Amino acid sequence: MKIAILGSTGSIGTQTLDIVREQGDIQVTAIAAGSNIKKLEEQMREFHPLLVCVFQKDAAKELRDRTKDLNIRVVSGMDGLLEVAVQPESEILVTAIVGMLGIRPTIAAIEAGKKIALANKETLVTAGHIIMPLAKKCGVPILPVDSEHSAIFQSLQGENGNRIAKILLTASGGPFRGKKPEDLAHIQVGDALRHPNWTMGRKITIDSSTLVNKGLEVMEAKWLFDVELEQIEVVVHPQSVIHSAVQYEDGAVIAQLGTPDMRLPIQYALYYPKRRPLSGDRLDLFALGQLTFERPDTETFRGLALAYQAMRRGGNIPTAFNAANEKAVALFLDRKIAYQQIPEMIESCMEAADFIANPTVDEILETEAAAYEHIAGKWGKVFA
Ligand SMILES: NC(=O)C1=CN([C@@H]2O[C@H](COP(=O)(O)OP(=O)(O)OC[C@H]3O[C@@H](n4cnc5c(N)ncnc54)[C@H](OP(=O)(O)O)[C@@H]3O)[C@@H](O)[C@H]2O)C=CC1
Ligand SMILES: CC(=O)[C@@H](O)[C@H](O)COP(=O)(O)O
Ligand SMILES: [Mn+2]
């Protein structure tokens, strides 16, 4: 099997490469990252891709100098990401890049007939109405990597045309589960980066803590599984053992359970429909003792309530939601805004957005730019 990876240096990207190492029959034809040339150089020397993209131009130049002996082409910028996405020899593109920057490369890969192993949920949230019909038209499967969506996908195997009554989308509840709004006023970056169950990139870890991640995942599920919003129920399950479930019309609930290990959904997407042996811990129900469930507290964690609102309004409002969140999380991680300003900025950008019912890619990117401008206009001092 031949694969290309967008975001090879990140959490999902490096775990994809762990699978490449373990399985031994995957060739990595192309990789891309933002600026981490140290890790890219290591990956080039170990996996010998044919093409490498570093988004930042200066970093690409430095990587070229450092790897002259390898004779591997190094490209940069959006054009470089697009080249990696459509690298002629690859069969599957793993979208492990963070943010809606993934939209254009994902579309290009679908148009080039590549299967998509999709981790980059922001792309579906903002452009699901373009990507899902395009994938259908091009006969390209979108194979979910996100743990919940992989669990749903696994629970749907053998459904024989039976309809989904409900999706039970599990959520850990994040590090602040049980807290009230007044407890969140002085949250620091280090507190929010302490996820109870998963080790992930910084942006998604913050999103898990605000429940924005769950809001993004509800939208992702809606696009992937073609269900109504009302058919998706978020269930807080602090142990993260049940990765999600499907309820059928006769009431049967089929779930996928496992240890919190992203290598399983990544491997399942790559080899679908085959399962392969995989190293790692096995689930021990006796050691666990009990599994618990709660309703999400959407009054404290307004990110989830705002996501539902964005989905109900539809059009480009999920883009306003997502773009505002990407900017707000980056500002919070840079210690420029307080934790509770994340939902505040999302709500404000959603209110300020000019509604477009069926946005094109250009209009999605304009909505993103407008959200950034709105934040700069209203909170200008945080950019100083
Ligand atoms: N981590 C997880 O367990 C899960 C992640 N996801 C989703 O997967 C995606 C990736 O998440 P995660 O792996 O945690 O993120 P990380 O932050 O760990 O990695 C992000 C990757 O994207 C690269 N990147 C960042 N900016 C650019 C750019 N401008 N051009 C090219 N590459 C860029 C980074 O490169 P560099 O290192 O150079 O910055 C890095 O390789 C997200 O959409 C997330 O929501 C979904 C489920 C679980
Ligand atoms: C591993 C994974 O898929 C993450 O998206 C995870 O779901 C985050 O956990 P919570 O958002 O449920 O805290
Ligand atoms: Mn998830």
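Modeller: The protein averages a pLDDT of 97, and 100% of the residues score at least 70. pLDDT is the predictor's confidence in each residue, from 0 to 100. This is a predicted model: local features need pLDDT of at least 70, side-chain atom pairs count only at 80 or more, and totals for chains, interfaces and linings use all residues. Residues are numbered from 1 along each chain as written, while chains are lettered from A and ligands numbered from 1 in the order written.

Biologist: Which element has the lowest mean pLDDT?

Modeller: Helix 12 (residues 285-288), at 96. Strand 1 (residues 2-6) has the highest, 99. Helices (H or I, at least four residues) and strands (E, at least two) are DSSP runs, numbered from the N terminus.

Biologist: What makes a set of residues a nonpolar core?

Modeller: Its members are buried Ala, Val, Leu, Ile, Met, Phe, Trp, Tyr or Cys, joined through C-beta atoms within 7 Å. Buried means 20 or more other C-beta atoms within 10 Å of the residue's own, with C-beta atoms placed from the backbone. The largest such core here has 105 residues; Leu6, Ala324 and Cys349 have the most contacts inside it. Helix 14 (residues 317-333) gives the most to this core, 8 residues.

How values were computed:
A residue is buried if 20 or more other C-beta atoms lie within 10 Å of its own, exposed if 12 or fewer, and partly exposed in between; C-beta atoms are placed from the backbone.
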